[in-house]
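Please open the structure in a viewer and keep the selection panel at hand.

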Amino acid sequence: MNFELSENQKLLQEMVSEFVQKEVVPRAKSLEDEHKFPRELLNKLGELGLLGMTVSTQYEGCQTDYLSLVLAIEEISKIFPSLAVIFSVHSSLFCYSINKFGTSSQKKKYLPPSAKGEIIGAFSLTESGAGSDATNLKTRAVKKGRTWVLNGTKAWVTSGSDADAFIIFTKAGSEAREKKLNAFIVEKNFPGLKVSKVEEKMGLHSSGTSEIVLEDCEVPEENLLGEEGKGASIALHCLDGSRIGIAAQSLGISQKAFEEAISYAKQREAFGKKLSQIQAIQFMLADIATLLESARFLTYRAANLYDKKKTFTKQAAMAKLYASEAAHKIVDKALQIHGGYGYSKEYLIEQLYRDVRVLSIYEGTSEIQRLVISRCLQEEY
Ligand code: CAA
């Protein structure tokens, strides 16, 4: 068993960390406070090639192993969790799905600009009545001549208000065939697509989560992604991978919360000594470090299985379940160490406390991860 990152992975981690320190640190707080989409930072990520990590070199990407993508998401999440989720959805859901399931003309058209950041992609599966029950969609796609006509309302679309293109899932055909979905690549300028509402959220304010209305939205037949009726399996396959990305986001937020707690504990005094010299605080930090390390092992292991082309559905669900729930506990303990100041907007931990909450909800709730793990166990035993 090898617990060391490769030289390339270390170099990538350093490069992203330098980028984050130089470009993201000075801008993250004001963008987040003003609920602004970080387009400029995404352009810079594109210039560095980091938006093409799931795009093959044939289409101007720099396709890396999945663990490298995980490391990049983790680094970005330490400073700007909103940017991390935009980056993660763009890479592990939008680009990944086209790179894996697209036709060569879809790849030629969409992947090079996506790798450069000229297209920022989103992934739209969820509807108001179909979140966990993801195949129970109401949105329909009906073929008219050489065009698919989409009607319905999609919900909770990460980057929805700012994305240039979407992978949109609909029921297959006008009849509601059980669990059969279609997937389409839909550009924001296609007639009939409208951003109808931007959600007011607890956290991740820069990621612009939206409702999208499709009203006789016309999609050319060549924009069907994958085979007709195979959309559910495309969605669930892509989500298997991207759940490791959400586990990585959990690691980044947890690591930052840990560092903030240590730094506060080293400077704040109580009862004539630093907080860091008080055993109650030392034990909290010990718990945080243990949770964090366990979450990191599960997450890297899931990515490693993926890279070895082994079955990883169960481990991805375990990583997402454990890392997101560990992140809740870690940020809560780190805030507790800050005492009353942790409740103040002056301290970063207050933002992390809000940002972390959604990690056990989006890309499959903790309950869905348990369901996926249970199904895998039933197959195994
Ligand atoms: N990989 C590939 N294919 C899979 C799969 C997997 N891991 N799991 C299932 N499938 C296939 C099945 O074989 C089946 O294929 P066919 O139609 O060809 O037979 C199809 O997918 C449907 O599978 P199920 O019968 O298992 O589907 P189900 O209705 O029982 O649902 C579920 C299973 C696990 C509950 C699933 O619905 C699920 O994961 N729900 C949560 C959805 C989710 O994570 N949503 C997140 C939205 S995206 C998001 O949040 C992104 C963002 O913006 C941040």
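Begin by selecting Asn223 together with Gln106, Tyr110, Ala183, Phe184, Ile185 and Phe190, the residues in contact with Asn223 (heavy atoms within 4.5 Å) once its neighbours within four places in sequence are left aside. The model is a predicted one, in which local features need pLDDT of at least 70 and side-chain atom pairs count only at pLDDT 80 or more, while totals for chains, interfaces and linings use all residues. Residues are numbered from 1 along each chain as its sequence is written, and side-chain values use heavy atoms, leaving out hydrogens and water.

Asn223 is found in the loop between β7 (210-220) and β8 (224-225); strands here are DSSP runs of E with at least two residues, and helices runs of H or I with at least four, numbered from the N terminus. Now display Ile185: its backbone oxygen lies 2.8 Å from a polar atom of the Asn223 side chain.

Next, select the ligand and the 25 residues that surround it (a heavy atom within 4 Å), of which the closest are Ser132, Thr158, Asp240, Arg243 and Arg375. At Ser132, a polar backbone atom is 2.8 Å from a nitrogen atom of the ligand. At Thr158, an N or O atom of the side chain is 2.7 Å from an oxygen atom of the ligand.

Finally, colour α6 (231-267), which gives the most to this shell, with 7 residues.

Definitions and conventions: Polar contact = N/O pair within 3.5 Å; in protein donor to acceptor, adjacent residues only side chain to side chain.
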